[in-house]
Amino acid sequence: MNAPLIYALTGAALFVFGVTGLMLQAHLLRKILAFNVMGSGIFLVLVGLAQRTGIPDPVPQAMVLTGIVVAIAATALALALARQLLDQSGEMRLPEEEAGKDKLDV
Amino acid sequence: MKALLNIAVLSLTGALGLVLAWSILDLPASAVRLPEQVTAQLDMSGVAHPVTAVLLNFRGYDTLLEIAVLLLALLGMLALPRQASGSKPRPVPASPMLQTLARLLTPLMVLVAGYVLWAGAHRPGGAFQAGAVLAGAGVLLHLAGLLPAWATPGRALRAGLATGLLVFIAVAATLMTQGTLLQYPPGWAGALILVIEASLTLSLGLILAGLYLVLADSKVQA
């Protein structure tokens, strides 16, 4: 077990945490955060696996750099959409979710 | 019912985690040796740092599409109907301490952005990092109450937002006449990459700051 593999396994764990949060949390802000945790896990897997031969591979590093910037843009758009939903329905949850169970209700 | 659902989801994601861990541990070595290929072609790329070479030269179209995605996200946010709060100042005025600090730090952050952009050619750095520093300066100015949030960007601001993408597309289109998309002619690669990166830095700084400043303008509903 070397350092790159530990990075990659940590990334996989983060991804799984993110998936779990995305499915179990009803509050939209938590869903967006869970989605970002998933993304960070994927970046960690890419960067970790890219250096398991000992030489860092610049191609996945450049891809992760691109991915981070796109993730920021997607997060901002998701926040704007969530704000829009809050303005129109007064709730920070999707209409399909059961109402009144989430303590974090805005 | 809810507890059953939680248990089902947790066991599913637990299984997913085990499968992922197993596949990471079991992954065969890659058949393509990308690091060696990048190192072999680095002299032709016009820059000395492998990540910048990959971003702006070997996989330049990724970066072209990335700046397009960023601009699209900002346009999407601007397109949403918003209850603009007008350009009235923040309800709680920021402390004079913060304002002085922001006034002192902003020129320094612009300087750092310029250095990071220039350093990208031969060490870690480049347009995205420099743009992030510029955007940080914009957010700091807004938090200190010195820069209003964006209701609707004016003409100059829109031009600045689009510059990076337009310059990139112009370079790509000019090079198309030579044959391949974004294949820089030898000798010109370094200069072209610097032009693209400089315009990308400006646009990225504005777009990333805009992602924050547009959201900051919408009125919070009680």
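Q: Where is B:Ala151 placed, and what makes it partly exposed?
A: In this predicted model, with local features requiring pLDDT of at least 70, side-chain atom pairs pLDDT 80 or more, and totals for chains, interfaces and linings using all residues, B:Ala151 is in the loop between α6 and α7 (155-176) of chain B. Helices are DSSP runs of H or I with at least four residues, numbered from the N terminus. The relative accessible area of B:Ala151 is 30%; buried means under 20%, exposed over 50%, and partly exposed in between (1.4 Å probe, protein chains only). B:Ala151 is therefore partly exposed. Residues are numbered from 1 along each chain as its sequence is written, chains are lettered from A and ligands numbered from 1 in the order in which they are written, and side-chain values use heavy atoms, with hydrogens and water left out.

Q: Which residues does B:Ala151 touch, not counting residues up to four places away in sequence?
A: B:Ala151 touches B:Leu78, B:Arg82 and B:Asp217 on that count, contact meaning heavy atoms within 4.5 Å. B:Arg82 lies 69 residues from B:Ala151 along the chain, and their C-alpha atoms are separated by 8.9 Å.

Q: How do you know that the span of helix α6 of chain B agrees with its number of residues?
A: The expected span is 1.5 Å times one less than the number of residues. For the 17 residues of α6(B) (residues 127-143) this gives 24 Å, and the end C-alpha atoms are 24 Å apart, so the two agree. Just after α6(B), B:Gly145 takes a positive phi of about 80°.

Q: Against which elements do the buried residues of α6(B) pack?
A: The buried residues of α6(B) include B:Phe128, B:Val139 and B:Leu141. The packing partners are α3 (58-89) of chain A and, in chain B, α3 (50-58), α4 (60-79), α5 (96-119) and α8 (189-217).

Q: Why is B:Thr13 called buried, and what joins its side chain to that of A:Thr20?
A: The relative accessibility of B:Thr13 is 3%, so this residue counts as buried. Its side chain is joined to that of A:Thr20 by a polar contact of 3.3 Å. A polar contact is a pair of N or O atoms within 3.5 Å; within protein, one must be able to donate a hydrogen and the other to accept it, and residues adjacent in sequence count only if both atoms are side-chain atoms. The separation of 3.3 Å therefore falls within that limit.

Q: What does the side chain of A:Arg52 reach in chain B?
A: A:Arg52, in the loop between α2 and α3 of chain A, reaches the backbone oxygen of B:Leu27 at 3.3 Å and that of B:Pro28 at 3.1 Å. With a relative accessible area of 26%, A:Arg52 is partly exposed.

Q: How many salt bridges are counted between chain A and chain B, and how many over all chains?
A: The count between chain A and chain B is zero, while the structure holds two over all chains. A salt bridge is a side-chain nitrogen of Lys or Arg within 4 Å of a carboxyl oxygen of Asp or Glu.

Q: What makes the pairing of A:Arg93 with A:Glu91 a salt bridge?
A: The closest N and O atoms of A:Arg93 and A:Glu91 are 3.1 Å apart, and the limit is 4 Å, so the pair qualifies. A:Arg93 is buried at 5% relative accessible area, whereas A:Glu91 is partly exposed at 27%.

Q: How do you know that B:Asp62 and B:Arg59 form a salt bridge?
A: Their N to O distance is 2.8 Å, so it meets the limit of 4 Å. B:Asp62, at 21%, and B:Arg59, at 29%, are each partly exposed.

Conventions
Helices (H or I, at least four residues) and strands (E, at least two) are DSSP runs, numbered from the N terminus.
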